[in-house]
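Subject: Structure to look through

Hello,

Here is the structure I promised you. Please open it next to this email and follow along.

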Amino acid sequence: MSDHEATIELRVTGMTCASCVARVERAIGKAQGVDAANVNLATEKATVTFDPDRASAGDLVAAIEGAGYGVVTAQETLPIIGMTCASCVSRAEKALRTPPGVLKAEVNLATERATVSYIPGQASYHDLVEAVRGAGYDVVEPAPGTGEEAAEAAAEAEEAARAAAYRTLKRKVTVGFVLSVVIFFGTMQPHWFPFLPHWLHDGYLLWALASVVQFWVGWQFYTTAWAALKHGSTTMNTLVAMGSSAAYGYSVLGVLFPELFEQAGLGDPMYFDSSAFIITLILLGRLLEARAKGQTGAAIKALIGLQPRTARVVRGGAETDVPVAQVLAGDLVVVRPGEKVPVDGVVEQGASPVDESMLTGEPIPVAKHPGDEVIGATLNTTGSFTFRATKVGSETALAQIVRLVEQAQGSKPPIARLADVIAAWFVPAVIGIATLTLVVWLVWGPEPALNYALLNFVAVLVIACPCALGLATPTAVMVGTGKGAENGVLIRDGSALETAHKLDVVVLDKTGTITEGKPRVTDLVLFGAAAEGGGDGARSAPADGGGPELGEDEVLRLVAGAERGSEHPLAAAILAEAAARGLDVPAAAAFEALAGHGITADVEGRSVVVGNERLAGHAGDEAAHLAGEGKTVVTVLVDDRPAAAIAIADTVKPSSEAAVRRLRQLGLDVVMLTGDQETTARAIAAQVGIEHVVAGVLPEQKASEVAALQRDGRRVAMVGDGINDAPALAQADVGIAIGTGTDVAMEASDVTLMSGDLGGVPTAVQLSRATIRTVKQNLFWAFAYNVALIPLAAGAFYPAFGILLSPIWAAAAMGLSSVTVVSNSLRLRGFRAR
């Protein structure tokens, strides 16, 4: 047992009785390292005494959640300034995990943010900030206040802090470059530039100029290296500080004691140009890297910029322009032609086509009428309308999208773990290799051995680049998830992004996914004489006894009148068709619903029967053909004579066939899962080109069907509405919710499609494959760069080929390596779904 114990209080949710208390206590007690656990039902708190060397707060939370209960946790996102490489990420994460109560800490080098989950009361925001600062970095703290305005102020403060840091870096690079060029010409004046004034080669002048570069331009390398050293760790800044200081210090000794170097046969020992260019070129690489990283977040900035600044609200009977942050749920908002919709709501007056492409990726404007939902940040086109605000501030669809994309960009896919493991050991390993290089060249190198040893030692320290390792994954994930948002595909995290590229089966729910999810009238077949007097779309079919001389619209009027009293979905489809044709629906009398058969009613003095074959008789061969297509067919009798057959079906979305074809072209098996009967399911599947159909499946059985595919070793994506299919979505390797943006359950899925278009599924798979391919390219480059160039810098090729690498070129190569990785990730901005 440890010499010390820790006590922690956890707020437990989901407990309802004394047996719950006992269950939670048993679950905590079974965790390794727990000495005592006391759970109070009244306060809903668990007080746990444990050995911190054998258990962590995360272990205790996992034990409680494993018993079926929850623990109240909090999450903070910290914008961090000063990180430069994968080693910095590792160090910042280690520091953030130190405060008691921290459950998880992930730091992203590309976004320069940390996401920390912790137990309130055990850790605080202040503890996290102090941990980061103690590790040698800084945090952009939020402005005081709460709500949307405070959040916007915090974002602006972060942007201003990063912009100021960028300007400072640019100024230092400019000064460093000018001085480095002067130092280079001065150092080489006797050898390459004898026509220049001799005083340029004065050692004290070069020392003074190099000192400005070393201790002003490059001061950040010393401060961060020292902060790391105080915590017993090293970063890339350690390498740069050591390498440039070695060249600088050696040169200073040469200026102060030139006789000693001459007597030792070491020649002119001035390498101020190397130390100055090392610092300047590495900072130049960081400047280019920062600029490129800014472009990787362009998608999220574009999303944030979609929301208008003001809204026209009706208050006190007058229209008033107010900031969007001041719009309240329930306000009436007026939108004129060409204006953006400020928040989410429901149209009350007016109508207009609205361009939703910026959120859904759908290029065609959607007509909005009273009762329709509108999404904030979409663009009104030609008409004007008034809507009632329903979701404002952080509840709007746009705010949810931004939050989801930021969450995805800050996450790490499993493929990044290898880079994290290597980064933790990278800098110490490089220092070891550099030291070995110094010793080998001192013992076996040609004369002047000390000069060769020093230059190769510096080259190894400078050329090693953990930056590329740290940027390889997050930059690609940032661009990939941002590009997904542009295409209406929201990817929850890096893990989902990585898994999606391995999929081999896509399971599609039928209703609302492949089909519209709304039954509608597809065919109206008139019988006998009725067909002759029918409308242009009427078709005739033989029926015994002829039929009343009714046209298609008249039959539909009578049927709609009879169905007005019915709550059946088929009745709603018939009434919708009558409304679409602009028909005046009459009232009905003597309405009677016959369960499982149909309805009867008197409409305008006529007896109307609408029902199945048992109630209304056989509807003829053509109706039988419609039924064979998976449609529901009802027969209509008017005054006891066959008048028509009406076919009703949940129609296939126009994009479904193309989407299924694209999925198959990607090498994916497509399976349709539905609770419908086999005939209907097969008919729909045939229309879109799906061969594998599982019909008659209850909602609670869908997860089992997905699990059965997984047991066969398949990687399965489940595509559903995100609500009714929640168990199957959770069971699948990747759950994809398909909806319209405002009503979709974003929290239930790994991927959310903002439009109802099934085409987003193959787009998500293609984007995943493109992103992971880019990550692998980046990691290959990062590893190959270090594996190939560290031996070159160490002089391993000198005995065979006489090749040595100048520290100046080593610094340039190191700076360019990070830029190369980021630039490769930026190629994803050209992604186009095929």
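Below is what was found in it, from the whole chain down to single residues.

**The whole chain**

Keep in mind that this is a predicted model. The chain has 834 residues, and 51% of them count as buried. It contains 30 helices and 30 strands. Now look at contacts between residues at least 6 apart in sequence: 67% of them join residues at least 24 apart.

Begin with an open sheet of four strands. Its order is S2-S3-S1-S4, and the pairing is antiparallel. Strand S2 (34-40) and strand S4 (70-71) are the edge strands, each pairing on one side only. Strand S1 covers residues 6-13 and is joined to S4 by two bridges. Find Val-12 there: it stands opposite Val-71 in S4.

Two helices go with this sheet. Helix H2, residues 57-66, packs on it and touches S1, S2, S3 and S4. The direction of H2 makes about 30° with that of S1. Helix H1, residues 18-30, lies across S1, S2 and strand S3 (45-50). H1 runs at about 160° to S2.

**Another four-stranded sheet**

Next comes an open sheet with the order S6-S7-S5-S8, again with antiparallel pairing. Which strands stand at its edges? They are strand S6 (102-108) and strand S8 (138-139). Each has a single partner strand, so one side of each is left without a neighbour in the sheet. S6 and strand S7 (residues 113-118) run antiparallel and are joined by six bridges.

Strand S22 (residues 598-603) and strand S23 (residues 606-611) are antiparallel, paired over six bridges. Together they make a hairpin with two residues between the strands. Check Glu-604 in the turn: its phi is positive, at about 50°. Thr-600 stands opposite Val-609 in S23. S23 also pairs with strand S24 (residues 632-638), in the antiparallel sense and over four bridges. There, Gly-611 stands opposite Thr-635 in S24.

**The nonpolar cores**

In soluble globular proteins, nonpolar side chains tend to be buried together. The largest nonpolar core here has 133 residues. Six of them touch the most other members: Leu-96, Phe-272, Ile-282, Leu-508, Ile-514 and Ile-690. Helix H28 (residues 760-794) gives the largest share of this core, 13 residues. Another core, of 27 residues, lies apart from the largest one. Leu-524, Leu-526, Ala-578 and Val-638 are among its residues.

Leaving aside neighbours within four places in sequence, its contacts include Ile-183, Leu-206, Trp-207, Tyr-248 and Val-255.

**Aromatic rings**

The structure holds 15 aromatic pairs. One of them is formed by Phe-193 and Phe-195. How is such a pair described? By the distance of the centres and the angle of the planes. For Phe-193 and Phe-195, that gives 6.1 Å centre to centre and 85° between the planes, an edge-to-face pair. Are the two buried or exposed? Phe-193 has 14% relative accessibility, so it counts as buried. Phe-195 is exposed, with a relative accessible area of 66%. Both belong to one aromatic cluster, together with Phe-184, Phe-185 and Phe-277.

Thr-473 lies in helix H16 (residues 466-486). It counts as buried because its relative accessibility is 4%, under the 20% cut-off. Not counting residues up to four places away in sequence, Thr-473 touches Pro-413, Ile-415, Ala-416, Val-775 and Leu-779.

Thr-674 is in a loop, between strand S26 (669-673) and helix H25 (678-688). Thr-674 counts as buried too, at 2% relative accessibility. Residues up to four places away aside, Thr-674 touches Lys-510, Ala-681, Val-694, Ala-695, Gly-696 and Val-697.

Best wishes

Notes:
Residues numbered from 1 in each chain as written. Predicted model: local features only at pLDDT ≥ 70, side-chain atom pairs only at ≥ 80, totals over all residues. Heavy atoms only, no water. Pairing = 2+ DSSP bridges. Contact = heavy atoms within 4.5 Å. Axes fitted to C-alpha atoms, helices over the stretch in contact; angles between N-to-C directions. Buried < 20%, exposed > 50% of the residue type's maximum accessible area, 1.4 Å probe, protein only. Core = buried A, V, L, I, M, F, W, Y, C linked by side-chain atoms within 4.5 Å. Phe/Tyr/Trp six-rings, centres within 6.5 Å; stacked < 30°, edge-to-face > 60°.
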